[in-house]
Amino acid sequence: MILSVFEISVLISKWVIYLSVAAVIGGTLMQYLIKGQPNLGISVTKYTGLGAVLGLIAVSINYFAQVGAFAENGLMGIFDAQMHAFLWPTQVGQTVLWRLIGFGLMLVASGLLLHKNRYIKTFSAVLAIISCLLIAVTFTFIGHSTEVGLLAQGLILIHVLIIGSWIGAFYPLWKLCSTDENIVIKNVMDTFGRLGIVIVILVLLSGMGMVWMLFDSPTELFSSNYGIAVTIKLCLVAIILFIAAWHKLVLVPKLTIENPSLAKQKLQKSIGLEALIAVLILATTAVLSSVLGPMSLG
């Protein structure tokens, strides 16, 4: 399979969109878990702000690449007025519009969150939550879930919010390990670990629900390109779940009972590995939604 420049652009921009979504949702969650850590709070605010900027850029590139691909007129096809007029009123255009609004709101919220006035900070927190919900809902506008029904769209919405909260929290948690207060690290990791149990259950339920709806038989997980890609994604998810369990049961308890500095270094490295695998999971998801699809099951 040889991909065109536009198809490659769609694939890469979609991957960046996923990374940006994780940054804004996970960053928003972590703002509440690290209260009392002003320096880390500023870093996380910049992280969500960067995620919003990358999201705005990636959504725009993704849209123009789709226009160019449909126009079939070389690079100048991205300016094809007729194709813009055709695509904008469709679900593609609506998804782009609401994602731009969502990431735009998050950019504003990130700026306001740095303000010292507590009323403005509260307003920015509400704005950030609205932004996360808006962005997550757009994943129900397009894709394979729209062909399956409302239940699948509901599962997609839950899946995006949960995966975003989980994967997007890795950078703040990694950054947290740079602080000198091991007890703070342990408390935040313990809280995140308790949330992680709920996250894992919801990820498994929503993921299994979607697999059940998209595949007629378990054998299709190994007999089609789409199934094999889904299987690879599931294996990566299994690895990341194992690492999460390793953190909760082994590394985090060691933060306060033995060589704290060494334990903190091990935890930070492990979170870095977890983040790398998460990036691969999102890359696999981008391939699944851009290059492959349930139609390849046949």
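The paragraphs below lead through the helices, the surface and a few residue pairs of this structure.

The model is a predicted one, in which local features need pLDDT of at least 70 and side-chain atom pairs count only at pLDDT 80 or more, while totals for chains, interfaces and linings use all residues. Residues are numbered from 1 along each chain as its sequence is written, and side-chain values use heavy atoms, with hydrogens and water left out.

An unreviewed UniProt entry lists residues 15-34, 46-65, 96-114, 126-144, 150-174, 195-215, 227-250 and 271-292 under "transmembrane region"; UniProt positions are given in the numbering used here, feature names are shortened, and annotations may be inferred rather than shown by experiment. Among these spans, residues 46-65 are 100% helix and 0% strand, with end C-alpha atoms 28 Å apart. Residues 96-114 are 95% helix and 0% strand, and the end C-alpha atoms of this span lie 28 Å apart. Helices (H or I, at least four residues) and strands (E, at least two) are DSSP runs, numbered from the N terminus.

On the surface, Val53, Ile57, Ile61 and Leu107 form a nonpolar patch that has about 310 Å² of accessible area together. Patches are made of residues with over 30% relative accessible area and no salt bridge, like charges being joined within 9 Å and nonpolar side chains (Val, Leu, Ile, Met, Phe, Trp, Tyr) within 5 Å; accessible areas come from the Shrake-Rupley method with a 1.4 Å probe, and for residues only the protein chains shown count as cover. Helix α2 (residues 38-71) contributes the largest share of the patch, three residues. Ile57 has its place in helix α2 and counts as partly exposed because its relative accessibility is 44%, where buried means under 20% relative accessible area, exposed over 50%, and partly exposed in between (1.4 Å probe, protein chains only).

Helix α7 (residues 150-167) has 18 residues that should span 26 Å at 1.5 Å a residue, and its end C-alpha atoms are 25 Å apart, which agrees; the expected span of a helix is 1.5 Å times one less than its number of residues. Buried residues of α7 include Leu155, Ile156, Val160, Ile163 and Trp166. Ala152 lies in this helix and is buried because its relative accessibility is 4%; its C-alpha atom is separated by 32 Å from that of Val108, 44 residues apart along the chain. His159, also placed in α7, is buried with a relative accessible area of 14%, and the C-alpha atoms of His159 and Phe139, 20 residues apart along the chain, are separated by 9.9 Å.

The structure holds one salt bridge, a term for a side-chain nitrogen of Lys or Arg within 4 Å of a carboxyl oxygen of Asp or Glu. In this salt bridge the side chains of Asp190 and Lys186 meet at 2.9 Å, N to O. Because they are four residues apart in helix α9, Asp190 and Lys186 are separated by about one helical turn. An α-helix has 3.6 residues a turn, so residues three or four places apart point the same way. Asp190 is partly exposed, with a relative accessible area of 23%. Leu204 lies in helix α9 (residues 182-214) and is partly exposed at a relative accessible area of 38%.

Helix α11 (residues 225-254) has 30 residues and reaches 43 Å from its first C-alpha to its last, close to the 44 Å expected at 1.5 Å a residue. At His247, α11 bends by about 40°, the bend at a residue being the angle between axes fitted to the seven residues ending there and the seven starting there.
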